[in-house]
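Here are my notes on the model you sent. Please read them with the structure open beside you.

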Amino acid sequence: MDESRPSYILNSSLPGSDVAAEVAAAMASASLVFHIDNASYSEQLLVHAKELFHFANSSRDFYTSSYPSEQIYYNSTGFGDELLWAASWLYHATGEEGFLSYATGTDGEIYGEWDKSPTWLSWDSKAPGVQVLLSRERFLSGQRWSGRIKQGLTKYKRTANDLMCAFLPDSPTSTKHRTDGGLLWVIQWNPIQHAVNAAFLALVYSDYLFTSKTTLDCSGETYTSEDLRSFSISQANYLLGKNPMNLSYLVGFGPSYPQKVHHRAATIPSDSKRYGCKEGFEWLLAENPNPQIALGALVGGPFQNDSFIDSRNNTMQNEPTTYNSAALVGLMAGLTSSSQVTLSAWNI
């Protein structure tokens with residue numbers, strides 16, 4: 001890569017609430033992972049997570065306002081959801097009520113998507129993640145709260161319930177956004193991101209139902225944790241090859257998977273010659289399969305009619321992304337573990 005690839009900085013003069021809050025959420029959640037085995041590192045993560053959250057909240061603006069040239073790539077449609085995302089994880093990591101008050105207060109009313117039509121978790125929208133994450137508090141610790149916090153948690157849980165009902169194919173309020181083969185399909189560009197995110201959220205919510213010994217009500221119809229888990233399994237099975245194309249969308253898995261993934265490192269021959277950035281386009285339209293396998297890459301997925309075109313230039317279907325793979329890791333981890341929530345890991 002011989003083109004200019006500058007590093008960017010955020011500060012009070014160059015704010016970026018969406019990015020700063022997202023990193024705060026990542027650090028806060030990671031602090032839970034390291035709390036037992038590396039307490040000092042866990043605490044360091046929390047210190048920075050709090051600093052980043054307060055910076056993001058006090059200097060509210062988009063990162064692409066600071067760097068307009070980036071607007072053609074991943075331009076956020078909002079930063080309020082990331083602020084709620086960070087506050088929610090900081091509450092779970094610290095137990096400090098102030099973060100929960102923030103998430104259930106005015107900002108929650110504005111950005112929490114309470115009692116609205118279900119939206120889809122993505123790199124741009126964290127609201128569904130916040131709804132599910134804070135539902136955990138209502139399921140498992142709801143009796144300790146009152147007043148505005150309880151009201152806010154109840155609204156998050158009610159909205160998350162509606163989202164789960166939309167996921168379930170037999171629910172009275174099931175979404176029509178599906179392929180005939182059963183994959184949740186919301187948009188044409190990289191549709192698998194929504195399917196794998198939905199499957200992951202449903203799996204997490206199924207654990208909440210299981211642990212709290214409750215069920216899910218969808219307009220008078222009752223569903224169990226196993227119903228949600230079955231939906232998650234159906235999405236995982238589809239992307240791993242149980243679909244009309246008999247094609248695994250996870251590169252390297254199964255007997256048939258995309259051979260011409262839109263991935264520069266997998267596409268250009270690994271020989272002794274050094275190729276410049278522009279020279280790499282020589283292989284974009286080549287007919288041969290990629291010389292390297294992008295093992296574990298999760299590509300964009302099918303059209304709504306379940307068809308797929310294996311072409312490097314077909315970026316809407318054949319481009320792998322980190323935000324596809326991130327949710328897939330969570331989904332597979334959940335499907336290979338027991339269906340219950342570990343309470344002790346959160347009560348630190």
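**Notes on the predicted model**

1. Start with the cavity lining. Helix α9 gives the most to the lining of the largest cavity, with four residues. Two elements give two or more residues to this lining: α8 (147-167) and α9 (192-212). Helices here are DSSP runs of H or I with at least four residues, strands are runs of E with at least two, and both are numbered from the N terminus.

2. A word on the basis. This is a predicted model, in which local features need pLDDT of at least 70 and side-chain atom pairs count only at pLDDT 80 or more, while totals for chains, interfaces and linings use all residues. Residues are numbered from 1 along each chain as its sequence is written, and side-chain values use heavy atoms, with hydrogens and water left out.

3. How many cavities of 30 Å³ or more does the structure hold? One. The volume of the largest cavity is about 40 Å³. A cavity is a set of points, on a 1 Å grid over the protein atoms alone, where a 1.4 Å probe fits but cannot get out; lining residues have an atom within 4 Å of a point. Grid points are joined across faces, edges and corners, and the volume is the space filled by probe spheres set on the points.

4. The lining itself. The largest cavity is lined by Thr119, Trp120, Leu121, Pro128, Leu163, Phe167, His194, Asn197, Ala198 and Leu201. Seven of the lining residues are nonpolar, three are polar and none is charged. In this count Ala, Val, Leu, Ile, Met, Phe, Trp, Tyr, Cys and Pro are nonpolar, Asp, Glu, Lys and Arg are charged, and the others, Gly among them, are polar.

5. The disulfide. The count comes to one, with a disulfide taken as a pair of cysteine sulfur atoms within 2.5 Å. Cysteine 165 and cysteine 218 form it, and their sulfur atoms are 2.0 Å apart. The S-S torsion of cysteine 165 and cysteine 218 is about -90 degrees, so the disulfide is left-handed. Cysteine 165 sits in helix α8 and cysteine 218 in strand β1 (residues 216-218), so the bond ties together parts 53 residues apart in sequence. Cysteine 165 and cysteine 218 are both buried. Buried means under 20% relative accessible area, exposed means over 50%, and partly exposed is in between (1.4 Å probe, protein chains only).

6. Threonine 104. This residue lies in helix α5 (residues 97-104). Threonine 104 counts as buried because its relative accessibility is 2%. A polar atom of its side chain lies 2.7 Å from the backbone oxygen of leucine 100. A polar contact is a pair of N or O atoms within 3.5 Å; within protein, one must be able to donate a hydrogen and the other to accept it, and residues adjacent in sequence count only if both atoms are side-chain atoms. Leaving out residues up to four places away in sequence, threonine 104 touches Trp114, Arg148, Ile149, Gly152, Leu153 and Tyr156. Contact means heavy atoms within 4.5 Å.

7. Serine 248. Look for this one in the loop between α10 (225-239) and α11 (264-267). Is serine 248 buried or exposed? Serine 248 counts as buried, at 1% relative accessibility. Its side chain reaches the backbone oxygen of leucine 250 at 3.1 Å. Beyond four places in sequence, serine 248 touches Leu239, Leu240, Gly241, Phe253, Ser256, Tyr257 and Pro258.

8. Positive phi. Most residues other than glycine have a negative phi. Asparagine 190 has a positive phi, near 55 degrees. Asparagine 190 lies in the loop between α8 and α9 and counts as buried, at 2% relative accessibility. Serine 219 also has a positive phi, of about 50 degrees. Serine 219 lies in the loop between β1 and β2 (221-223) and is exposed, with a relative accessible area of 58%.

9. Proline 15. The residue lies in the segment before α1 (17-34). Proline 15 is buried, with a relative accessible area of 12%. Among the residues that proline 15 touches are Leu10, Phe55, Phe62 and Tyr63.

10. Glutamate 226. Its place is in helix α10. Glutamate 226 is partly exposed, at 43% relative accessible area. Glutamate 226 and aspartate 207 are 9.1 Å apart, C-alpha to C-alpha, and 19 residues apart in sequence.

How values were computed. 1 Å grid on protein atoms, 1.4 Å probe; cavity = no way out; pocket = protein on both sides within 12 Å on 5 of 7 lines; lining within 4 Å.
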